[in-house]
Amino acid sequence: MKKTCTFVLAATLALSALLAGCGGGGSDPASTGGTDTGSSPPASSGESGSTDKVEKFTMSLRHIQIGEPQKFRKAILDDVVKKTEEEVPGLKFELDGLEDSVNRFTKLPAEMAAGNPPKIMSLFGGAGDAQKYAKAGRLLDLTPILEELGLKDKFLNVLDPFSVDGKVYGLPIGGNAEGIFYNTDIFQQYGLNPPTTWDDLIKAADTLKENGITPFAVGSKGAWVPNMTINTFIGRLAGPETITGFTTGAAKWNSPDVVAAYTLYKEWVDKGYFTKGELGKEYGDMLNDFVAGKAGMMFDGSWRSSAFKNDAVGAAVAGKVAFVSLPPLPNGKGDQTSVNANYGEGYGFSADLNDNELKAVKAFIKNMYSDEMQLRGLLEDGVLPSMKLSEASVAQVSDPLVKQVLDVLNGAGATFPHFDSVVQSKVYTETETQLQKLIAGNVTPQEAADAIQKVQDAENAAAAAE
Amino acid sequence: MKNALRNPYVYLMFVLPAIALYFLFFIYPMLMSVYYGFTDWDGLSKPNFIGLDNFIAAFSDPEFRSSILNNIYILLFSCCVQVPIIVVLSLVIAGVRRLQGFYKTTVFMPSILSTSVIGILWGYIYDPDVGLLNNLLKLFGAGPIYWLAEPQWAMFAILITNAWQWVGFYIVLMLAAILAIPKDIDEAAGIDGATGVQRAWHLTVPLIKPVINVVIMLSIAGALRVVDIVLVMTGGGPAGATEVMASYMVNKAIKYGEYGYGTALSIIIFVIALVLTALYQILIARRQERVEY
């Protein structure tokens, strides 16, 4: 009898230790809830004020506006956050800033897999991002909210990468064009013409090379950076419709025109047009090299334009930078004024929201996607609006660099997307792997293209089987 | 109470919570990962059972095969280059009369730094423009070497950094063994006229063989699971030149969302590590007799 007693005692002791560990997490929200209600007078059923009793709640907000070059974007986000918190009683945002590619390729996929993404998150459009998560049911369907807020027709025709079956799951914050930034001081110093024709571009690159200046700054440790150049090469050499043709089978990576794009890139690598040791350089290094005058040009997205303001990270070259689109290629196909325009970056929202959080999301969308913020993005940050702005608003642009970006877009006969928002994620992965191998000299352009097409075929077949 | 403690079930009740936690956080995930290794799980949709496809794909995947080769390089480097250096350095430090504590502390220092710190630190040393190494080369008129950006140098650069990190730890292990050898053995040999080198090679080394074995085994295990230094310094680049099995697995599973395939890779890594350590144990370590002083 005594034995059983001690046995039970020991068991209780041991299990209580276990339960204490488990109980800790569970009791937490209850206790904070208790202190919240404790601050208000003891609840009585007859109290009419219970409707405006403020229930405090926090919401996670993942953004990628970190570091000096992004400070204008962060300021806009901060203002939207502040305004939304004022409008929604009890709301407190928890801002969680992460580096772009860490968020996009590491953290967010893991959170999506685990089913606990942030409530509001920076999100890219396309088959490998927004559409993949939307199909898995992780993202909030924004169609009714857009309807309710009257935003449905305010957006330009830019919602497709964020849409599945006509439903919208994310909203692009703005757009960008990719082209060439060049240092006008350096060009003047060596008597070079602006790189608006192919011959001038090649002459400039050769002259810079001879004088010990890197023609094109690039940081290829993250392969998405050189992929920007490849994307525009493909758009120009194989025609603007090629990019969207990969998933339908209308275009092939190993077709001669696309291989020509890879060949051209490799040629430039071999000629020493790009930063030496580019495979060890980060995206940030590319801007640093350009700002320091070590490089005369760089191929980058127009989002970089705000880095060359007087109070920004690239102040050293403020007023000495110009933006042009890649000049017409001599053996190109299709419209040679076409540019890559992408409206890929924006915000998405978790499908798992309670009523309060849904209210906060609505307020966030209302405040973030307003004419005011779109105009601020354009004026302060050089981001092209993703919504329809009046001509009078656009005319307020005074920054010469942003004007050049707008000129490039206005002068473009056609636009094409970036293939990272078109092709399946496995295919995109393969383009990164193969491009780095090409740069390192491990594969020929044809081999790289064949390898990518192999993955594309498999993915297209899998998509057709679904 | 005395009686109760004689009852084995009482002890069982005390360890039960620990076993439950162990099962929850170790056994269960392990079993689940074996299951996921046979599926095409992408983290988002329902996993489909695909049999051995992942394993077949892994062995026909050129990237994975080259990452196995890279692991073998690291293994050979740590066993054939690192271990002799460790033995020699330990013998030298053990023979030092003055400031021995200083040397011991100095060689041990890198082991207390976190790998991220070491990776970033050496990243600066290898920096092509402002790095210590290239500035040294410049003094001798040699051109800049892009240590971490050129496929032919990157693996070597990582091997050096990895060695720098771990040599100190093993030296301290080895030193403890050397200093535990009774002095009279060494002195007797000295009186018989053996030189320092002879004493080190014919007396000390045979006497510390068990520890050398342990160090070799730890090196093998370490070489097979090395990943942190690669992720911090190159992320597997340039163009996959420094990709090791574990970093390839992390990239595939986490970055590209191929959880099923990544899990299959982790099982392969586990099996390879198990087989190699077992082989070493059976073929080499077991054959040696224990040393009794």
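In chain B, helix α11 (residues 209-225) and helix α14 (residues 259-283) have axes that come within 10 Å and cross at roughly 165°. This is a predicted model, where local features need pLDDT of at least 70, side-chain atom pairs count only at pLDDT 80 or more, and totals for chains, interfaces and linings use all residues. Residues are numbered from 1 along each chain as its sequence is written, chains are lettered from A in the order in which they are written, and side-chain values use heavy atoms, leaving out hydrogens and water.

**The helix pair in chain B**
- Axes are lines fitted to C-alpha atoms, for helices over the stretch in contact, with angles from 0 to 180 degrees between N-to-C directions.
- α11(B) and α14(B) are therefore roughly antiparallel to each other (angles over 145 degrees).
- From α11(B), N213(B), I216(B), M217(B), I220(B) and L224(B) meet residues of α14(B), including I269(B), I272(B) and Y280(B); contact means heavy atoms within 4.5 Å.

- An open, mixed sheet of five strands has the order β2-β1-β3-β12-β6 in chain A; strands pair if DSSP finds at least two bridges between them.
- β2 (91-97) and β6 (170-172) of chain A are the edge strands, each pairing on one side only.
- Strand β1 (residues 57-63) of chain A runs parallel to β2(A), joined by seven bridges, and M59(A) stands opposite F93(A) in β2(A).
- Helix α2 (residues 71-87) of chain A packs on the sheet, and its direction makes about 160° with that of β2(A).

Terms used: Helices (H or I, at least four residues) and strands (E, at least two) are DSSP runs, numbered from the N terminus. Angles under 35 degrees count as roughly parallel, over 145 as roughly antiparallel, 65 to 115 as roughly perpendicular and the rest as oblique.
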